[in-house]
Amino acid sequence: MIEYIKGELTELTPALATIEAAGVGYGLNISLNTYSALQGIKPSPNTHHPIAKLYVYESIREDAHVLYGFYHKKEREMFELLITVSGVGANTARMMLSGMSVSELCNAISTGNARLIQGIKGIGKMTAQRIIVDLRDKIVALGIADEIPAGGSVAAPVNNAVRDEAVAALTMLGFSPAPTQKVVVQILQEQPTLPVEQVVKLALKQIK
């Protein structure tokens with residue numbers, strides 16, 4: 001299993017990145033989000049090319065061995081979740097991560113916004129609904145939906161330790177992780193210095 005590849009970024013297109021490591025050139029299929037991140041890397045003083053590190057997902061079939069590269073590990077985690085949904089293949093998952101950021105996709109899934117997900121090419125109504133049903137709790141359980149923006153604005157930083165403790169406590173009380181995470185993050189954005197117990201008390205009044 002290849003965890004990541006790090007080396008010279010010798011070629012870059014919106015769909016493919018070529019990284020040379022130990023004399024081998026690896027062609028990795030990428031999303032537009034990863035493409036944008038790679039464009040921001042400056043060339044190394046010691047080489048003619050930037051040094052890049054991409055996390056890897058290997059798709060091994062009888063007729064092909066395809067590598068997918070991700071600038072952020074959380075993008076790969078979301079990709080791996082997406083392809084577990086019936087009707088979502090690797091290319092469709094990459095299309096989704098090109099049309100939306102991980103945070104935007106988490107927001108759409110957690111709020112049940114099927115219409116927004118349907119806006120991505122190749123995603124129909126039934127597939128969008130399956131994605132929401134299958135992944136709503138998983139994105140929270142794996143920590144992918146760390147800070148979900150509210151109303152499309154950029155999320156303010158929150159105390160991750162307090163957030164995680166509060167969500168864990170509320171989950172143990174029987175509340176679903178996805179709506180719990182959303183409420184806890186909103187509370188901490190408004191009152192970032194609150195201790196865990198106060199966050200839990202406020203959340204209990206707000207969770208529906």
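Let's start inside the protein, at helix α6. Its buried residues pack against five helices: α2 (73–82), α3 (90–99), α4 (102–110), α5 (114–118) and α7 (138–141). Keep in mind that this is a predicted model.

Which residues of α6 are buried? Helix α6 covers residues 125–135. Its buried residues are Thr-127, Ala-128, Ile-131, Ile-132 and Leu-135. They cover an arc of only 140° around the axis, so they sit on the same side of α6.

Next, a single residue: Val-200. You will find Val-200 in helix α10, residues 196–206. Is Val-200 buried or exposed? The cut-off for buried is under 20% relative accessible area. Val-200 has 13%, so Val-200 is buried. What does Val-200 touch? Leave aside its neighbours within four places in sequence. Then Val-200 is in contact with Ala-166, Ala-169 and Leu-170. Take Leu-170. In sequence, Leu-170 and Val-200 are 30 residues apart. In space, their C-alpha atoms are 6.9 Å apart.

Now step back to the whole protein. There are 10 helices and five strands. The C-alpha atoms fill a box of roughly 60 × 40 × 30 Å, taken along the principal axes. How many residues are there, and what share is buried? The protein has 208 residues, and 41% of them are buried.

On to contacts. Take those between residues at least 6 apart in sequence. Of these, 51% join residues at least 24 apart.

Then the surface. The accessible surface comes to about 11200 Å². Carbon and sulfur atoms account for 52% of that surface. As for charge, there are 19 positive and 19 negative side chains. The centres of the two sets lie 8 Å apart.

Last point: confidence. The average pLDDT is 86, and 92% of the residues score at least 70. Where does the pLDDT fall below 50? That happens over residues 147–155. Beyond near neighbours in sequence, this stretch has 14 contacts in the model. Where pLDDT is low, the predicted coordinates should not be read in detail.

Notes: Residues are numbered from 1 along each chain as its sequence is written. This is a predicted model: local features need pLDDT of at least 70, side-chain atom pairs count only at pLDDT 80 or more; totals for chains, interfaces and linings use all residues. Side-chain values use heavy atoms; hydrogens and water are left out. pLDDT is the predictor's confidence in each residue, from 0 to 100. Contact means heavy atoms within 4.5 Å. Buried means under 20% relative accessible area, exposed over 50%, partly exposed in between (1.4 Å probe, protein chains only). Helices (H or I, at least four residues) and strands (E, at least two) are DSSP runs, numbered from the N terminus. The arc is that of the directions from the helix axis to the C-beta atoms. Accessible areas come from the Shrake-Rupley method with a 1.4 Å probe; for residues, only the protein chains shown count as cover. Lys and Arg count as positive and Asp and Glu as negative; His and the chain ends are not counted. The place of a charge is taken as NZ of Lys, CZ of Arg, CG of Asp or CD of Glu.
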